[in-house]
Amino acid sequence: MSNLAIDRTDFTESNRFLVWFALGAVAMVLVKALFGQNQLVITAIPVTLMLFYFFQLKAGHLEADRPERAGDNIYYLGFLFTLVSLSLALYSFSQNVDDKSSLIGDFAIALSTTIAGVLGRVWLGQGSREIDDHEQKTKRRIAEITEQYRDDLERSREIMVDFSSATMQMLE
């Protein structure tokens with residue numbers, strides 16, 4: 001039953017990521033294709049959505065103990081927005097080969113979302129619970145358990161030697 005709860009949590013996190021991506025991608029396509037807004041508005045949409053997603057990740061939501069995972073999520077969201085923007089740029093360029101200004105603007109969107117994703121990843125990766133701290137704690141705990149195991153084996157060896165000596169004396 002606990003595995004089901006873990007699976008459901010992971011599924012929810014995946015769905016949340018997918019919703020943020022779909023919302024951003026659809027907004028970028030609609031604003032660019034249908035409304036023809038200026039470049040600043042088109043760039044602000046995915047970056048703003050990434051900012052909201054960042055604050056949602058920062059607030060905790062099931063990834064509070066995994067800053068590296070949260071950082072990866074924000075990075076990948078920015079990268080996916082970059083790919084959407086580049087796709088829009090190439091589509092726009094294929095429709096009007098003579099106008100290169102929209103192509104340059106679309107690349108600005110791509111760079112902005114990449115920068116926001118990398119910045120979010122670094123920020124979340126430098127969270128209060130560093131991966132190195134977890135690694136050090138784990139190594140110390142493994143060393144403690146190994147020492148306990150070694151002591152248990154030594155005690156077992158001593159018991160076996162005593163048992164063997166007692167058995168030999170009884171047989172004699």
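Mentor: What follows is an account of the salt bridges along one helix. The model is a predicted one.

Helix H5 covers residues 131–171. One of its pairs joins the side chains of arginine 141 and glutamate 144, with a nitrogen-to-oxygen distance of 3.3 Å. These two residues lie 3 apart in the helix, so about one helical turn separates them. Glutamate 144 has a relative accessibility of 42% and therefore counts as partly exposed; for arginine 141 the relative accessible area is 42%, so this residue too is partly exposed.

A further pair is formed by glutamate 147 and arginine 150, whose closest N and O atoms are 3.2 Å apart. Here again the spacing in helix H5 is 3 residues, which means a separation of about one helical turn. Glutamate 147 is partly exposed, with a relative accessible area of 38%, and arginine 150 is partly exposed at 49% relative accessibility.

Aspartate 152 and arginine 155 also form a salt bridge, with 2.2 Å between the closest N and O atoms. Because they are 3 residues apart in helix H5, about one helical turn lies between them. Aspartate 152 counts as partly exposed at 38% relative accessibility, while arginine 155 is partly exposed with a relative accessible area of 45%.

Notes. Residues are numbered from 1 along each chain as its sequence is written. This is a predicted model: local features need pLDDT of at least 70, side-chain atom pairs count only at pLDDT 80 or more; totals for chains, interfaces and linings use all residues. Side-chain values use heavy atoms; hydrogens and water are left out. A salt bridge is a side-chain nitrogen of Lys or Arg within 4 Å of a carboxyl oxygen of Asp or Glu. Helices (H or I, at least four residues) and strands (E, at least two) are DSSP runs, numbered from the N terminus. Buried means under 20% relative accessible area, exposed over 50%, partly exposed in between (1.4 Å probe, protein chains only).
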